[in-house]
Amino acid sequence: MFTEFDDALPDWRRLADDQAVATPFSHPGWIEAFHRHAGRPMGEIPAIIVGRDDNAVPAFVLPFAIRRVRGLAMASFFGGSHASLNLGLWRRNTITGFSAERLRDALMRAAAIAHIDLYTLHNMPLFWEGDDNPFARLPHQRCADDVYRLDIGGRSGDETLKGCMSGATRSTLRSKEKKLAVLDGYRYFRAATTAEADRILDAFLVQKAARLAEQGIDNVFAEPGVEDFLRATAHAGLADGRPIMELHALEGGGEVLAMVGGLSDGSRFTTMINSYTLGEYGRWSPGLIIINHVVRHFADQGLKIFDLGMGYAPYKQFFCKEIEPLVDAVVPVTAKGHAAAIGLRAMVTAKRFIKTTPVLWHAVQKLRRLRA
């Protein structure tokens, strides 16, 4: 178990180079950027577990961050709510046969070294690229939110959009885009320079802050270090055309009308952030139009899957018809951890019950708006 990124990187990179089973949120650059800008200032300590086989070849890398909450040492995946698909990195011939008992043993051994009271493992897919998630073999419960995804399956951009939207819906979006197309400088583009990336993120931060305030929801993007984290991931690799976080945008009339940012592993694009203007041009649905462009872009590039991230929103069902369930697992280690696990599991159960019960969820949303 390593507490420094540099010590874990040789195994981490070797496993990644061997085409490990991993989500984009296991990218060392993404995790290191989050820790440097947001996690470490909050007091989080890396706890990166590396498993090797008898030949000293890495079999798995499990990047965790330890934070202290009310006297408890809690280990979780890096990124908090910004990471929607957590899995770790696994060698393909290891992941299929790795039992819950062996995983629990690895977690317990690491906990003894790092004095961890419990693991709180959130936002984990049940399956990834046809393999079971070993963490899902532990006792778990459904996450409060699911991921909405679109299976492209080798289709072109036009074929993909025809498959997920009716002809009437596509016609409506074309008509709306014609309204925007008359704006000076109107275009859809992918950020290619740091100046473009910063302009897109500037707009996102303003648009998202206003939208969340309107809904009475706390703004996680205003938390210390998060803006710097977003900029770091948008800049890293950009000069080579392979940024950690890709940014796509519509602009016209002197403003960024809508944007989408996310992570791509060459097979799947998963959305991290998105927003659209609150100004007068918002009535022409720039948020839907840009997703239309992004889906076409990635389908034509040959990606297999596109997703719009965690949580239900009506617009997601225009494109993403498939629900990808996520699970949470709370793994207590010490007596204090066992006591805390009871409450943590109950909180997740209650949150999902509220979100999947329309009457209760509408009531919560109304209270939030009143608070705003």
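Helices (H or I, at least four residues) and strands (E, at least two) are DSSP runs, numbered from the N terminus. The views below show a predicted model, in which local features need pLDDT of at least 70 and side-chain atom pairs count only at pLDDT 80 or more, while totals for chains, interfaces and linings use all residues. Residues are numbered from 1 along each chain as its sequence is written, and side-chain values use heavy atoms, with hydrogens and water left out.

**View A. Asp 146 in the loop between strands S9 and S10.** Asp 146 lies in the loop that runs between strand S9 (141-142) and strand S10 (147-151). Not counting residues up to four places away in sequence, Asp 146 touches Gly 309, Met 310, Gly 311, Ile 323, Glu 324, Pro 325, Leu 326 and Arg 352, where contact means heavy atoms within 4.5 Å.

**View B. Thr 120 in strand S6.** Thr 120 has its place in strand S6 (residues 118-125) and is buried, with a relative accessible area of 2%. Its side chain makes a polar contact with the side chain of Ser 76 (2.5 Å). Leaving aside neighbours within four places in sequence, the residues in contact with Thr 120 include Arg 67, Met 74, Phe 77, Ala 329 and Leu 344.

**View C. Leu 247 and the nonpolar cores.** A nonpolar core is a set of buried Ala, Val, Leu, Ile, Met, Phe, Trp, Tyr and Cys residues joined through side-chain atoms within 4.5 Å. The largest such core has 82 residues, and those with the most contacts inside it are Phe 64, Trp 90, Tyr 119, Phe 135, Leu 230 and Leu 247. Leaving aside neighbours within four places in sequence, Leu 247 is in contact with residues including Phe 189, Ala 197, Leu 201, Ala 234, Met 259 and Ile 273. A second, separate core of 28 residues includes Leu 173, Ala 258, Leu 288 and Ile 289.

Note on methods
Buried means under 20% relative accessible area, exposed over 50%, partly exposed in between (1.4 Å probe, protein chains only). A polar contact is a pair of N or O atoms within 3.5 Å; within protein, one must be able to donate a hydrogen and the other to accept it, and residues adjacent in sequence count only if both atoms are side-chain atoms.
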